Amino acid sequence: MSLPNAPGTHLQNLILDDKSTSAQKLSCLKTLRIVLKNLVDPIKASDPKYRQIKLSKVASRFDPCPSSMEYLQAIGFALAEEDGEDVLRISNVNSSDMEASLFELNAAIDIVSPNDDLEEKKSELDRTSSTLSASSSVASSTGGRMSEKQKARMLMEKKRMEEAEEAKKARQKTRDQIRQGVLIIICWIASLILFNFWRLLLPILVMFHHSFQLIVICHRREMQQYSRQVCQGK
């Protein structure tokens with residue numbers, strides 16, 4: 001699908017709009033990201049439910065940022081009516097266009113996110129606006145196809161996410177191995193303590209047993225002597 005209306009331009013307008021707050025812009029952009037993520041997913045993109053937006057449900061997030069409507073129309077959405085309710089609907093979904101638009105949208109969210117002050121965000125926007133415009137122009141002139149630079153950026157981003165996920169799994173695996181190693185060491189120490197405890201306790205028990213036997217034997221002898229004395233006394 002061709003994107004002749006340069007979606008990146010509308011993203012720039014949305015970011016630079018001084019009539020809406022940063023929180024409103026961020027809420028709007030995150031809603032747009034949900035829409036695009038559904039369209040990037042081939043299963044959801046084939047479901048009409050995910051290719052349609054009820055304006056009544058998103059009005060509170062889109063109204064403070066008018067450029068959001070222009071952005072959606074630029075990526076292929078069109079106004080329609082269903083059951084007396086206004087909706088935005090996209091008929092044909094091109095996964096390459098949606099992936100490129102999602103990449104630009106994530107960059108816009110990074111700019112708007114409240115980590116830096118407004119001047120720093122505008123400075124960052126100035127540095128990236130030429131890239132957004134260039135990528136949008138290339139998409140327009142090539143009939144919606146992504147440029148080699150866009151593809152490279154998307155591949156790098158995908159690789160970065162995969163590496164981050166692999167690093168996370170590796171850290172989790174290392175933690176599990178450490179826990180398992182600590183458990184083995186604790187079990188080994190406990191076994192060693194118990195073994196040495198019984199080694200020390202056994203001689204004491206043997207001595208106690210022998211002493212008890214000796215006391216019993218002595219007691220029996222005394223009883224025997226006492227019995228003989230009693231018999232002799234009679």
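Predicted model: local features only at pLDDT ≥ 70, side-chain atom pairs only at ≥ 80, totals over all residues.
A residue counts as buried when under 20% of its relative accessible area is left open, using a 1.4 Å probe and protein chains only. Residues are numbered from 1 along each chain as its sequence is written, and side-chain values use heavy atoms, with hydrogens and water left out.

**Helix 1 and its partner**
- The buried residues in helix 1 are Pro7, Gly8, His10, Leu11, Gln12, Leu14 and Ile15.
- Helices here are DSSP runs (H or I, at least four residues), numbered from the N terminus.
- The axes of helix 1 and helix 2 come within 10 Å and cross at roughly 155 degrees.
- Helix 1 and helix 2 are therefore roughly antiparallel to each other (the label is for angles over 145 degrees).

**The second largest pocket**
- This pocket has a volume of about 310 Å³ (a pocket is an open set of points on a 1 Å grid, with protein on both sides within 12 Å along at least five of seven lines, and lining residues have an atom within 4 Å of a point).
- Of the 13 residues lining the pocket, Val35, Gln52, Ile53, Lys54 and Val58 lie nearest its centre.
- Helix 2 gives the most to this lining, with four residues.
- Sorted by class, the lining has six nonpolar, three polar and four charged residues.

Key:
Buried < 20%, exposed > 50% of the residue type's maximum accessible area, 1.4 Å probe, protein only. Helix = DSSP H or I, 4+ residues; strand = E, 2+ residues; numbered from the N terminus. 1 Å grid on protein atoms, 1.4 Å probe; cavity = no way out; pocket = protein on both sides within 12 Å on 5 of 7 lines; lining within 4 Å. Points joined across faces, edges and corners; volume = space filled by probe spheres on them. Nonpolar A, V, L, I, M, F, W, Y, C, P; charged D, E, K, R; others polar. Axes fitted to C-alpha atoms, helices over the stretch in contact; angles between N-to-C directions. Parallel < 35°, antiparallel > 145°, perpendicular 65-115°, else oblique.
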